[in-house]
Amino acid sequence: MRTSLTAIAASLVLILTASACGNDDDKISSADREKAEAAALKYVGAGKATETDRGDGDDDYAYEVEVELPDGLDIEVQLDENFKVTNRPPTASDLAAPAPTTTPSAKPSASPSTVAPDDDRGLLGKTAIRAKDAALKATGGGEVLSTEGSDDADHVYEVEVRTPSGEDVTVELDADFEVVRIDR
């Protein structure tokens, strides 16, 4: 009797240990890792892959690749089983700093120039215009205080707006410039 109880207890310990260690479903083959990283780097347009994970089945993606841009900013790129980007985060060109000019501006700036931290790069060009327009439409107008890309999985752009009532809010937008959330 004592031997059978010991055998049952030992079996339970082995089963619990095996289940705690997880399974191999979340491991990535080297070929899939290379494909995921290549797809992410192609999408972002610059940088290096620093971490690659496999989705666990509960995620909305099959692979997630963290790309570090040359300036240190990290962008999370999520891919499906066919290595197609699903979350459409900002690209390197969306977050690029404007090129310095050698000619002085005709009108001096009213405030001193500041450089945004690497993780808070402002949007440029058409991307900035579309993000500003979408945010102002969502808030019913106001003043845009800043625009920036986001490496958060649930939104791509953030626009700080001072509403007509004087409230400062952050409008979070997806890759299609649709409002995900307005943080008050």
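**Salt bridges and aromatic pairs**

Biologist: The side chains of R162 and D168 meet in a salt bridge; how far apart are N and O there?

Modeller: This is a predicted model, in which local features need pLDDT of at least 70 and side-chain atom pairs count only at pLDDT 80 or more, whereas totals for chains, interfaces and linings use all residues. Residues are numbered from 1 along each chain as its sequence is written, and side-chain values use heavy atoms, with hydrogens and water left out. A salt bridge requires a side-chain nitrogen of Lys or Arg within 4 Å of a carboxyl oxygen of Asp or Glu, and for R162 and D168 the N to O distance is 2.8 Å.

Biologist: How many residues apart are D154 and R181, which form a salt bridge?

Modeller: Their closest N and O atoms are 2.8 Å apart. Helices (H or I, at least four residues) and strands (E, at least two) are DSSP runs numbered from the N terminus. D154 lies in the loop between β4 (143-149) and β5 (157-162), while R181 lies in strand β7, and the pair links distant parts of the chain, 27 residues apart.

Biologist: Which residue forms a salt bridge with R88?

Modeller: R88 is partly exposed, at 35% relative accessibility. The N to O distance is 2.1 Å, and the partner is D176.

Biologist: How many aromatic pairs does the structure hold, and how are the rings of Y63 and F83 arranged?

Modeller: Rings of Phe, Tyr and Trp (its six-membered ring) pair if their centres lie within 6.5 Å, and planes under 30 degrees apart count as stacked, over 60 as edge-to-face and the rest as tilted. The structure holds two such pairs. The ring centres of Y63 and F83 are 4.9 Å apart with planes at 20°, so this pair is stacked.

Biologist: What is the angle between the planes of Y157 and F177?

Modeller: Y157 is buried at 6% relative accessible area, and F177 is buried at 10%. Their rings are stacked, 5.0 Å centre to centre, and the angle between the planes is 5°.

Methods: Buried < 20%, exposed > 50% of the residue type's maximum accessible area, 1.4 Å probe, protein only.
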